[in-house]
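Here are a few notes to read alongside the structure. Keep the 3D view open as you go through them.

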Amino acid sequence: MAEAHQAVGFRFSLTSDGTEVELSAPALQEIYLSGLRSWKRRLSRFWNDFVTGVYPASPLSWLFLFSTIQLAWFLQLDPSLGLMEKIKELLPDWLLLSYHGWLLEPHGTMSSPTKTWLALVRIFSGRSPMLFSYQRSLPRQPVPPVQETVRKYLESVRPILSDEDFDWTAVLAQEFLRLQASLLQWYLWLKSWWASNYVSDWWEEFVYLRSRNSLLVNSNYYMMDFLYVTPTPLQAARAGNAVHALLLYRHHLNRQEIPPTLLMGMRPLCSAQYEKIFNSTRIPGVQKDHIHHLSDSRHVAVFHRGRFFRVGTHSRSRLLPPRALEQQFQRILDDPSPACPQEEHLAALTAAPRATWAQVRRSVRAGGADALEAVEGAAFFVSLDPEPAGLTKEDPAASLDAYAHALLAGRGYDRWFDKSFTLIVFSNGKLGLSVEHSWADCPVAGHMWEFTLATECFQLGYAADGHCKGHPDPTLPQPQRLHWDLPDKIHLSISLALRGAQTLSGNIDCHVFPFSHFGKSFIKRCHLSPDSFIQMALQLAHFRDRGQFCLTYESVTTRLFLEGRTETVRCCTREACNFVRAMEDEKETDPQCLALLRVAVDKHQALLKAAMTGQGADRHLFALYIVSRFLRLQSPFLAQVHSEQWQMATSQIPVQQTHLFDVHNYPDYVSSGGGFGPADDHGYGVSYIFMGDDTITFHIASKKSSTKTDSHRLGQRIEDALLDVASLCQPRQGQRGRCRPLGDDPGHRCGALSSQSGGFRAPRPSTDF
C-alpha cells in the first residue's frame, strides 16, 4: 500500500534535525543483533507452538512417530515401504516448501514434480492446519546473486533514461560490482544464515520506524466498507457489531483458529505479521519509533466530538455481546459533556512529525499518564464520526471521493494514527479503517477486514429496527471518560500539529470509482492475467496523462518465506513501453497491439513471480545500501538507486476469503478496497480491487499542490485505457475503438464502447435491514 512513499523517503530516516544519525554499531554487531531478535521471537512462540501443534503434526503425533521409527529400526524394516527413496529419486534438490516450480509453470498445467509436491504438502499439512502450523517449515528468503540484481536494475531503468544517463548508470554499476559488491554481499549472506530474514527487520526499522515524517497520508492507509450497502443506519449498532466481530477475530487469532493463507490454494504464506494486529501502538521516539505490543487488552479507546472514552469489552471474562457494546456506544453519543480545552485536538499530535510528537509526548504523559495508557493500551481505537459518509444518489462521484478522504485523513485530529488501526464509524452507519503500516502489510489487515464485514453482516446481523440482536444490559457501568491534565506549554504544540495535519489533509486529492464494464472474468477469458492486464492499462493511462513513462512501483508479497514482507515489481518495462507506443500509433493494427500486449503481460508475470520467490532487485539493493551505511562505504551507484522517485505507486488489494461472501446472491456485499497517498509530490498512488467477477474499483490519490497531477483526470484516463485494451480482445471491423491521442479533450470517451461508459452505475439503496 503506502510503503512506496516510505521506501523513497527512508534515506531521510537516517537523519534528525538536519544532521546524520550516527550508526556506530559495526555491521557484524548489527547482524548479530538481528539474529538475536529472531531467536527471541522463536523462543517466545515455542510454548504456543508446542501446545497447539508443530508442523507437520501435534506432539502426540511426534510421540507416535518416534515409537514407530524405533520399532522399525528394531525390526530392521523400512516404515515408508520405499516411498522416501522414491521421493528422493524424483525430487532430489529441493526441500518441501522451498519448491517454487509450481509458480513458474504455465497457467492450467501441472508437471509431475509439482503434483508430487502438492500431494506431500497436503499430507504433511493435516486436515486442519492452524495459523502458525507452517512457521517452522518455511524457508528463509534467499539472497540473490548481486550480478543478477544489478542486471535486473539496469534493465528496469533503461526505458526511462536517456542514452547518456543510462551509460553513466551502467558505469556506476560496473564500478560497484568491481569494488564493493562482493564485500556487501558477504555480510548479507552471513545475516541470511543467522537471522530469520535478511531484509525484513531492516525494512521495518529504516523504512518505517526511523522515518521522521508524519504518518498522515505519508504512511497510513485506509480500507472501505461495502460500496452500495449499509446494513444499518444506526451508528451505535454498526459500531457494536463491528467491534464484536473484530474481537471475535482476535479470539480466533489467539487460539490460532484462523486457517493459514495458502497461495493459489497450495503454498502456505508466513503468518508472523498477524501477531501485532491487536493491542499494538507505534510509540514515537526522537530518532526511532518502536512498536509496543501487549499480550492482551480488554478495552477499546473511543473518540467522539473531542472526548476520549475507555469502553470495556469483557464482562466476567466473557466478550460483551453486540447489543451491550451498542448500548455503551450509544451512551457516548448521548453524553452532552463538552471537550476540555485542547483535548479536542490532542490526537493531532499523532499526525505531527515523529520527533516533534516524541518530545511533546513526555509532557502529555506527565499530565495524563492514565489516559495515555488507556489509549495506547487499547485493543484498537474507535472514532465515532459525527458526519455521514459513503455513496449518495445525489452526487455519487463527489460523495465517494469525500468518503475516501475522510478515511485517509479525516480532520487531522479525530484518529489516533499511532494505533495499529482505527475503526471509523460514521453517523449514518458507514464503516472504514485507518491502518498504521509499520506492523504489517495490507493483505493482513485486509484479511481481518473481510472477516469483520462478513461476520457483522451475515453471522451477527441486525434486528428489524436496525439495532444489534439481543437485549441491552442495564447493569453495565458507564463508559469511562478519560481526563487529560495538559500543561499550558504543549498547547502551542497541539495548535502547530493541527495546522500541519490540516495542511496535509487539505492537499490530498482522492478519487474513487467503480469500473463496471467488465472485470476479472472477462480478462481471464482473454487468457490474460487480471493483475498484469490492469498494470498495462495503467501504463497506457499514465502515458496519456503525462506524455512520458515513469518508474512504477507495484507491491508484491514475499511471505512465501519466513517473516517475509514485500518486494517491488517495476512495471514500466521495455515490453510495456512498446505496447503503449503501439497503442498511440494509428499505424499499428489491433492484432499487432494485442501481440505486444501479450508480450508485456508475460514480462510482467515473470517479474512478479521472480519477486515473490525472492529474486527481485529492490529489497536486495536496499539491504546492500544499509550494509554500506554501517560500513561507511560510499557507493555512488547505491546512492543513485535510492534517490529514485516513484511517480506512480500501485497495489492490488487481494480478496483472500471468497468463501465468506456470496457474490452471486449478494453481489453488493463485497469490500470495495482501500487506498493510500502518493509516493511523490508530483505522482500518483493507485490501488485497485476486483469486486466479484465484473467490477474493478480504483482508488487514486495525488497532491493538489502539484500542477502535473489530477486524480480525476487520471481516473478518466484509466477508464479509457481499460476499454481500449479490452477492445483488442474483441476485434471489430472498421475504425478501431481507441481513444484519441494525447492532447485531445481530457474528458473524452472511447469510440465504439463509449456509449455505455458512465463512470458510475446507479447507487443502490443505502440501507438493507
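This is a predicted model: local features need pLDDT of at least 70, side-chain atom pairs count only at pLDDT 80 or more; totals for chains, interfaces and linings use all residues.

1. Residue numbers count from 1 along each chain as its sequence is written.

2. Have a look at Arg307, which sits in strand E9, residues 307-312. Arg307 counts as buried because its relative accessibility is 1%, and buried means under 20%.

3. What does the side chain of Arg307 reach? Another goes to the backbone oxygen of Ser337, at 3.0 Å.

4. Leaving aside residues up to four places away in sequence, Arg307 also has a set of neighbours that it touches. Among them are Val302, Ile332, Pro336, Pro338, Ala339, Glu343 and Arg481.

5. Now move to strands E6 (residues 280-283) and E7 (residues 290-293), which run antiparallel and are joined by four bridges. The link from E6 to E7 is a hairpin of six residues.

6. Last, the helices: H13 (residues 354-367) packs against H14 (residues 369-376) at an angle of about 110°, and their axes are 5 Å apart. Because of that angle, H13 is roughly perpendicular to H14. On the H13 side, the contact is made by Arg361, Val364, Arg365 and Gly367, while H14 brings Ala369, Leu372 and Glu376. Sorted by class, that contact has three nonpolar, three charged and one polar residue.

Technical notes:
Side-chain values use heavy atoms; hydrogens and water are left out. Helices (H or I, at least four residues) and strands (E, at least two) are DSSP runs, numbered from the N terminus. Buried means under 20% relative accessible area, exposed over 50%, partly exposed in between (1.4 Å probe, protein chains only). A polar contact is a pair of N or O atoms within 3.5 Å; within protein, one must be able to donate a hydrogen and the other to accept it, and residues adjacent in sequence count only if both atoms are side-chain atoms. Contact means heavy atoms within 4.5 Å. Two strands pair if DSSP finds at least two bridges between them. Axes are lines fitted to C-alpha atoms, for helices over the stretch in contact, and angles run from 0 to 180 degrees between N-to-C directions. Angles under 35 degrees count as roughly parallel, over 145 as roughly antiparallel, 65 to 115 as roughly perpendicular and the rest as oblique. Ala, Val, Leu, Ile, Met, Phe, Trp, Tyr, Cys and Pro count as nonpolar, Asp, Glu, Lys and Arg as charged, and the others, Gly among them, as polar.
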